[in-house]
Amino acid sequence: MSGRGKKVVAKSKTSVARSTRAGLTFPVGRIHRLLRKGNYAQRVGTGAAVYLAAILEYLCAEILELSGNASRDNKKHRIAPRHILLAVKNDEELNKLLAGVTISEGGVLPNIQATLLPKRTKVPVENKGKDIESQEF
């Protein structure tokens, strides 16, 4: 009897994705790989991919929410490029961010300049008393 006892078998560590650790839906590993392969910088930190994935996920969620509201306003169940354009152009911050972007099949915002609208003319008000009076011979 050696008295050593049984050896404790170490549990094998299961790998946890960085997206799961960060609580994100966007793929942190893929974004990190693309940052490294894209030659944007000589060195890319590990936090850069997490930060960029979080930013992209937030922007996508914001645009999808606003375009979903636009599609619901138009009584549609499917988001079309037109709804994305309306959502982006009607939001001040997204419009500034995507100022130089052309959305294919998006169209334009409905807008009629005031000078092109027909001028309102005042209808002359006639004497109301004449209509009420009976005919006189």
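**Close-up views of a predicted model**

**View 1. Ser-71, a residue of helix H3.** Let's start with one side chain: Ser-71 is found in helix H3. Keep in mind that this is a predicted model. Is Ser-71 buried or exposed? Ser-71 has a relative accessible area of 4%, and the cut-off for buried is under 20%, so Ser-71 counts as buried. Leaving aside residues up to four places away in sequence, Ser-71 touches Lys-76, Arg-78, Ile-79 and His-83.

**View 2. Where helices H3 and H4 cross.** Two packed helices are described by the angle between their axes and the distance between the axes. Here, H3 covers residues 46-73 and H4 covers residues 81-90. Their axes come within 8 Å and cross at roughly 115°. That makes H3 roughly perpendicular to H4, and the crossing is right-handed.

**View 3. The residues that meet between H3 and H4.** Which residues of H3 meet H4? On the H3 side they are Ile-63, Leu-66, Ser-67, Ala-70 and Ser-71. Their partners in H4 are His-83, Ile-84, Leu-86 and Ala-87. Sorted by class, this contact has six nonpolar residues, three polar ones and no charged ones.

**View 4. The buried residues of H4.** Now for H4 itself, where His-83, Leu-85, Leu-86, Ala-87 and Val-88 are buried. What covers these buried residues of H4? The cover includes H3 and H5. His-83 links back to the opening view, as one of the residues that Ser-71 touches.

**View 5. The largest nonpolar core.** Six residues make up this core: Leu-24, Val-28, Ile-31, Leu-35, Ala-49 and Ala-53. Helix H2 (28-37) and H3 each supply at least two of the core residues. The largest share comes from H2, with three residues. Zoom in on Ala-53 and you'll find that Ala-53 touches Leu-24, Phe-26, Val-28 and Ile-31, not counting residues up to four places away in sequence.

**View 6. Val-101, out in a loop.** Where does Val-101 lie? Look in the loop between helix H5 (92-97) and helix H6 (128-132). With a relative accessibility of 44%, Val-101 counts as partly exposed. Leu-85, one of the buried residues in H4, makes a handy reference point. Val-101 and Leu-85 are 16 residues apart in sequence, and their C-alpha atoms are 10.0 Å apart in space.

Methods: Residues are numbered from 1 along each chain as its sequence is written. This is a predicted model: local features need pLDDT of at least 70, side-chain atom pairs count only at pLDDT 80 or more; totals for chains, interfaces and linings use all residues. Side-chain values use heavy atoms; hydrogens and water are left out. Axes are lines fitted to C-alpha atoms, for helices over the stretch in contact, and angles run from 0 to 180 degrees between N-to-C directions. Helices (H or I, at least four residues) and strands (E, at least two) are DSSP runs, numbered from the N terminus. Angles under 35 degrees count as roughly parallel, over 145 as roughly antiparallel, 65 to 115 as roughly perpendicular and the rest as oblique. A crossing is left-handed if the near helix is turned anticlockwise from the far one by less than a right angle, and right-handed if clockwise. Contact means heavy atoms within 4.5 Å. Ala, Val, Leu, Ile, Met, Phe, Trp, Tyr, Cys and Pro count as nonpolar, Asp, Glu, Lys and Arg as charged, and the others, Gly among them, as polar. Buried means under 20% relative accessible area, exposed over 50%, partly exposed in between (1.4 Å probe, protein chains only). A nonpolar core is a set of buried Ala, Val, Leu, Ile, Met, Phe, Trp, Tyr and Cys residues joined through side-chain atoms within 4.5 Å.
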